[in-house]
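Here is a short report on one model.

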Amino acid sequence: MRWIWFAVLLTFTCATFGADSPLVFNSAEKETRFTKLMTELRCLVCQNQSLEDSNAPLAQDLRNQAYTMMRDGASDDDIMDYMVDRYGDFVRYRPAFRPVTFLLWLGPLLLLLIAAAVAWRWLGAQQVAEAVELSEADDARARRLLDGKAPRKEKHRK
Amino acid sequence: MRKRFFPLIIFTGLVGLLAIGLTLNPRVVPSPLIDKPAPLFSLPQVHNAAAVIGSEQMKGKVVLLNVWASWCVSCRLEHEQFVKLATSGEVPVYGLNYKDRREDAVRWLEFYGNPYVVSALDADGRVGIDFGVYGVPETFVIDGEGIIRYKHIGPIDETTLGKKIMPLVRELKGRRL
Amino acid sequence: MIAELGHFALIVALALSGAQAFFTLAGAVVGNQSWMNVGRTTARGQAAFLSIALAALAYSFIINDFSVAYVAQNSNSALPLHYRISAVWGAHEGSMLLWGWILSLWTLAVTVFSRGLPAQLLARVLGVMGLVSLGFLAFILATSNPFSRLDPPMTEGRDLNPLLQDPGLIFHPPLLYLGYVGFAVGFAFAIAALLGGRLDAAWARWSRPWTLAAWSFLTLGIALGSFWAYYELGWGGWWFWDPVENASFMPWLAATALIHSSAVTEKRGVLKGWTVLLAITVFALSLLGTFLVRSGVLTSVHAFATDPSRGVFILGLLVAVIGGSLLLYAWRAATISRASALFAPISREGFILVNNLLLFVAMATVLLGTLYPLAVDALGYGKLSVGPPYFNTVFIPLMLAVALIMGAGAIARWKNDSASRIGGRLRMAAVATVVVAVAVIAVTRDATGIRAALAVSLALWIVSSTITAMNVRLRPLSALAPSLAQMPAAQWGMVIAHIGFAVALVGIALSSLYSTETHRRMVPGDRVLVAGYAFAFTELREVDGPNYRATEAVFEVAAHGKQVAVLRAQKRIYSASNMPMTEAGIDGAFTRDLYVSLGEPLEGSAWSVRLYVKPYIRWIWLGAMLIAAGGFVAAFDRRYRLLARRNIAAHPTTQRQAMAGR
């Protein structure tokens, strides 16, 4: 189980990596755009952090690469494709909308519709019970029943 | 199907999924380059700064490309496997020296043995990125046409070599006849 | 010796839990009162022996007994005392012991606060909790013994992970576990009700305060975890949709649904089957969380370093406990009698039903996103990642919908209400909401402004409609105080919690939309302007801590020419492990946080520095604390305590009745 030792080591060292050189941008918009894009990419070494947050050496390398590409005019999609071509879909934090992820993206909506349908059917089958005034005799009878016996259980067929 | 069994059925499915999950390794990232051409590269050699080694020189035969570094502790675990392999001569092993310094790399190979036909010096890691390297060591099996057929992540042990890599190498070699 | 004593105490506790489970459940079936009473004694015994075990482990840490493997792996003689103690739950084995101990405390609490419960129900509740305890103690003893010895002993420990050397470790796990484990009580009540075949409003009234208390603890635990991550990790994030965070959030979402649906069951006796199923689901999610953190199935920075064999045991526990419960539910579902008290679609029950729907779908969505990569991998379709972009996209709309109906739900009458009456009462609130929204949009004039407007106006909607629902008398003004005093605690709890939600909503929206950050290379003497604040790097010096050495960078921050804060950011190297760690320099205030963290040292005295201005971010945790406070206030409503006394007075025959029947 060598990979476990690997994983333990990584968990410890991800807190200690220090590859965090700042990149220089000539406008705040560019910096924001870059930062946003980096938060969409997953670090492969410190897999619980985005490329923006990770201090792993590979993360710094990939940031530098993306920076160079952006400076040379690449679009966000170009940079994303570059990363995915080399590291696969794993590196995307926002899963692409493809057959394998249909259930993921449409799932919440589907669940909502199903739940709503179930609730609607259940609600629609209800009728508001009429408030009934108990006569004194009935009231006393009800009390006796409550004190003496457990109520009879109704069985329902679904 | 009775509605009251739905929660139990969903739960059973969930448990099944988790049970399978226990057999998987969530950290391993499969390579998207399998069955795709290996990236073209041309780098200086570790032992000879003037000479160049690249994808061109590796073509025409089935090769192993091992990504290693002198600072990598796990590489020492697998190194003797490669030395043994090199001695047997069954398949040429090329080295991709990843984010290392020439002097350190040379010294490391002197100390632990040099199984590589040639080692390429990828000082800034750019070629590594092209190969989708995210940890060291990693090993690629590349066929005669330069297509990547297999990627192993982490140190290679005897079992993996015997059960996965060498059979594949032999199969690929067989295809060329 | 002490460690062996602790080990022995664990074994005794295991035996006691077995006895508890057997005698109470068997006693409830045959009607043997003395067997059922065993539950009280075994509960006390378990709590006592597990306290001994925990104390033994703590003692080993305090005296630096490095012959105990767990202590050697997680402590160090240079570690300050309070961290040595909290290191007890810093890793897997010790935190499982904490789990078991807290479970015994909750069981003890049930025996103390259950005077009015029918004997059979109490016995079954204790029995189920005994079974859960049995499972967990068996797990600890079989796979995760914190008392195992090292031979030969280490002379010095490996030290506690520096990230954990923080007050956060002292409070976060205990609070979380008080929540997770507390849901076992509600679960036990649900199972007890299914076993006994009696599920009614009274049952809901008995079990609801327990769920409220556990939910409040979990709220605090999650909030503290979030705040800890914020100031500790160095990049100002407070929620990452990390699998282990999700594992704590899912029970919270389900439990929020549960406290609302059990309110309906308690008041009106409807939604019984749903409430029972939810109670089982909440605890199932707690167990699932335990599994996810400790089995290695998902990558997470929180995951304890464990191996799949432990995962197999916990999965087995999950199958036994939850599989058994759902089987019981399927079998007994038919005996849950249809209530005759029905309700119209537009009514308090109706709104709570919608609330439950939304919260359940939210929980299921988080579950879907967390497990989807695993499912795809298991089916052989490769590896993909589901991260914050996904979760934020699907989760936020659901929460906004929840915020919207929160307002109307608080006003709606039970059983039957009309849209026009609700609309009439909420006219003022609606007007205020729209006015604020328009104002914000008009002032900001951009896409971000629209989102800010949405969040802020929804928060205002919640606050104003909640206050309207309070029905306070303002005319004459002298009637204000009495009418407030007359409000039951449960209603106060709702008001406080809902307002807390609104506060958190504002904090989340404004900090997410309007945070500014920048990443620069700075040398002492540099000044950087961020969002109107001038950060001046004034000094760089060396500092010594109890078990670390640090480089400290001092920043003076000024706004409008006047100094507003001095921030000290440190880069520490811990001597025992040689691990570097960043300590951010933060100035927290009601309306904004100023945040500086050091990256890596560059050439000379230059450093890579990250600077942040985060508006209203403290509102997030303030809101969470209000939510928890509301939960606690509601849990201590007089009617729950009064009920106990009333029950004993009015139905002295209850105990005998319970004995006679099944």
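## Chain C: fold and size

How many helices and strands does chain C have? Chain C has 21 helices and nine strands. Helices (H or I, at least four residues) and strands (E, at least two) are DSSP runs, numbered from the N terminus.

This is a predicted model; local features need pLDDT of at least 70, side-chain atom pairs count only at pLDDT 80 or more, and totals for chains, interfaces and linings use all residues. Residues are numbered from 1 along each chain as its sequence is written, chains are lettered from A and ligands numbered from 1 in the order in which they are written, and side-chain values use heavy atoms, with hydrogens and water left out.

Along the principal axes, the C-alpha atoms of chain C fill a box of roughly 85 × 75 × 60 Å.

Of the 662 residues in chain C, 61% are buried. Buried means under 20% relative accessible area, exposed over 50%, partly exposed in between (1.4 Å probe, protein chains only). Take the chain C contacts (heavy atoms within 4.5 Å) with a separation of 6 or more: 72% of them come from residues 24 or more positions apart.

Chain C exposes about 24,500 Å², and carbon and sulfur atoms supply 66% of that area. Areas come from the Shrake-Rupley method with a 1.4 Å probe; for residues, only the protein chains shown count as cover.

A disulfide is a covalent bond between the sulfur atoms of two cysteines. Here the criterion is a pair of cysteine sulfur atoms within 2.5 Å. The whole structure holds two disulfides over all chains.

One joins C14(A) to C46(A), S to S 2.1 Å. The link of C14(A) and C46(A) is left-handed, with -100° about the S-S bond. C14(A) lies in helix α1 (residues 2-14) of chain A and C46(A) in the loop between α2 (28-39) and α3 (57-71), so the pair ties together parts that are 32 residues apart in sequence. Both C14(A) and C46(A) are buried.

The other joins C72(B) to C75(B), S to S 2.3 Å. Its torsion about the S-S bond is about 100°, so the disulfide of C72(B) and C75(B) is right-handed. C72(B) is buried at 3% relative accessible area, and C75(B) is buried at 1%.
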